[in-house]
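Here's a friendly walk through one protein model. Have a look at the structure below, and then we'll start with its charged side chains.

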Amino acid sequence: EYRGVMLSHANVTFTAAAAGAWCNATKDDTMVSYLPLSQIGEQVLTYHMPMRFACHVTFASADALKPQSTSLIDTLTEAQPTLFHAVPRVWEKFEARIRQMLEQSGGLAKKLSPWAAKKGKAGLEAAEKGAHKPRGFGFARSVVFKKVRATLGLQKARFCACAGAPMPETLVDFFLGCGLLVHQVFGLPETCGGIAATKHGKFKEGCVGGAFSDLIKIKILEPDKEIAVSGPNVFIGYLNDAELTSQCKDAEGYFKTGECGEWLSVSTETLLHLTGRKRLMYITSGGEFLAPAVVEGVLRSIPAVREALVVGDGLKYYTALFLVDATQVAQQQTAAAAAAPADGSAAPVTPAPVQDKDALNTILRQHVETRVNSQLEQSMRIKKFAVLREKKVEGMESPAIATNLDMAHRRETCKKYS
C-alpha cells in the first residue's frame, strides 16, 4: 500500500541547502537531470539545490533510462557536469560500458587495466587518508582513467554520488579502480532524501558517512539497532494517517527509519554502517521500492503454487521462487488437454509429469504473465522464476520460502538460491 509522505517547504529548502554544502556547490557547477522528478531526491538535487546555489542544470531526453538508449551518455558528454549522482542501476550500466570500452580499445589501455585498477583503488584510498598516492598513479590516470571518464562524459566531474539504494561494494571497488570515487547517500522520502552521506575525507567502503548536516541527529535504538533520525529534514507525517505517523516515532520524536545500523570508528571519524532492514521492504538497484508481500499474495493465487517468495532487494529486477503442488500441476495439465478442441484447430496439451521441467516452467510462465504481471506496474513485474525442490533451509524450521520470514531469513534464503 502506497503512503503519502507530506513534506513542508522548510523540509525541502533545508535539505537543498545541506546538499549544496555537502558537495560545496557553487554557481560554476553544472549538473544533468535525468531521473523522475516525482522522486524527492531528484527534486532536491536538480531543482531546489541549483536554485539555491545558482548551478546550471541540463535536462536529459525522456528516453535516458531506457535499456538500449545512449542518450544519457550523449547528454553527459555534451554538458560535462561537475556534479553527478545516480542510482546503483545506472552505475551498473556505466560499469558494463567501461568494460566494453576497455575490451574493444586493445593496446596499452587494455593491457594495463588490471594494474591501473590496483593503482586507482590504492591512490584514492590514500588521498582520503591524506597520504601520498602510490607511484604510477599519474601514469594510470593518463592511460586508463582519462579514457574511462571520457567514455562516461564525466571528464570534469569533481563529485559523484550514489543514492536511492545501497551500492554493492564490488561496484564501489570497480569505480575506485577506475580512479572514480563514488560517494554514498543514505536517505528516505520521509527524510527528504537525506540522512547521512560520505564526503571527501570521510569515505569508507561499506559506510554511508556521517549526518548530512550538523542539525540532523542520528541515534541507534536498542535492542534491534534500528536507525532513528531527527532534524529539519524529517517529514510532517503520512497523509490522512495520524496513527501511522505516531507509530513511526519514538518517545523523543525521532523518526524510526526501519533500517538497522551501527557506528564504526574510522581513523578520527565515526561513520554510519548499514547492517540490514527491519521493515519488510525491498529496494532494487534502480531505487524502486516494493513490498514483497503484495506481489507474493498474487503469486500464491496461481493454481498449484503452494508458496512463493519474491527476490529482488538490491538487484536489477524482481524474480520469484516457487514451491508447487505436484498433484495440482498434473490435474491442470489433464484439464488443459481435455479442453482442447476436438477438431484439431488447436494443438493438444499433453499432460506431462512435474519432473518435466520445461513443461512445468511453461505453465508457470503463462500464469505469471497473465495472472500476475498484467496486474503489476512495469517496475514490479517478475522477470524470472525458479521452482525449488527442497522444502527447508538448513538450520531453519520454516519451509524454504515461507513468506512470513523476516528480512534476515529472507536474505539467507535468497543467498542460498541465488
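## A salt-bridge network

Lys219, Asp250 and Glu252 are tied together in a network of salt bridges (a salt bridge being a side-chain nitrogen of Lys or Arg within 4 Å of a carboxyl oxygen of Asp or Glu). In the pair Glu252 and Lys219, the closest N and O atoms sit 2.4 Å apart. That pair joins distant parts of the chain, 33 residues apart: Glu252 is in the loop between helix H8 (242-247) and strand E12 (255-266), and Lys219 is in strand E9 (residues 217-221). Glu252 is exposed at 59% relative accessible area, while Lys219 is partly exposed at 21%. Here buried means under 20% relative accessible area, exposed means over 50%, and partly exposed is in between (1.4 Å probe, protein chains only).

A word on the source: this is a predicted model, where local features need pLDDT of at least 70 and side-chain atom pairs count only at pLDDT 80 or more, while totals for chains, interfaces and linings use all residues. Residues are numbered from 1 along each chain as its sequence is written, and side-chain values use heavy atoms, leaving out hydrogens and water.

## Other salt bridges

The whole structure has nine salt bridges. One of them pairs Asp29 with Arg158, with the closest N and O atoms 2.8 Å apart. These two are 129 residues apart, with Asp29 in the loop between helix H1 (9-22) and E2, and Arg158 in the loop between H6 and E5. Asp29 is buried at 3% relative accessible area, whereas Arg158 is partly exposed at 37%.

What about a pair inside one helix? Glu369 and Arg365 meet at 3.1 Å, N to O, and both lie in helix H11 (residues 357-372), four residues apart, about one turn of the helix. Helices (H or I, at least four residues) and strands (E, at least two) are DSSP runs, numbered from the N terminus.

## Helix H3 and its surroundings

In helix H3 (residues 71-79), the buried residues are Ser71, Leu72, Ile73, Thr75 and Leu76. They pack against strands E2 (30-33), E3 (56-59) and E4 (83-86), plus helices H4 (88-105) and H6 (137-152); a contact means heavy atoms within 4.5 Å. Just after H3, Gln80 takes a positive phi of about 50 degrees.

## The chain overall

The protein chain has 12 helices and 18 strands. Of its 418 residues, 47% count as buried.
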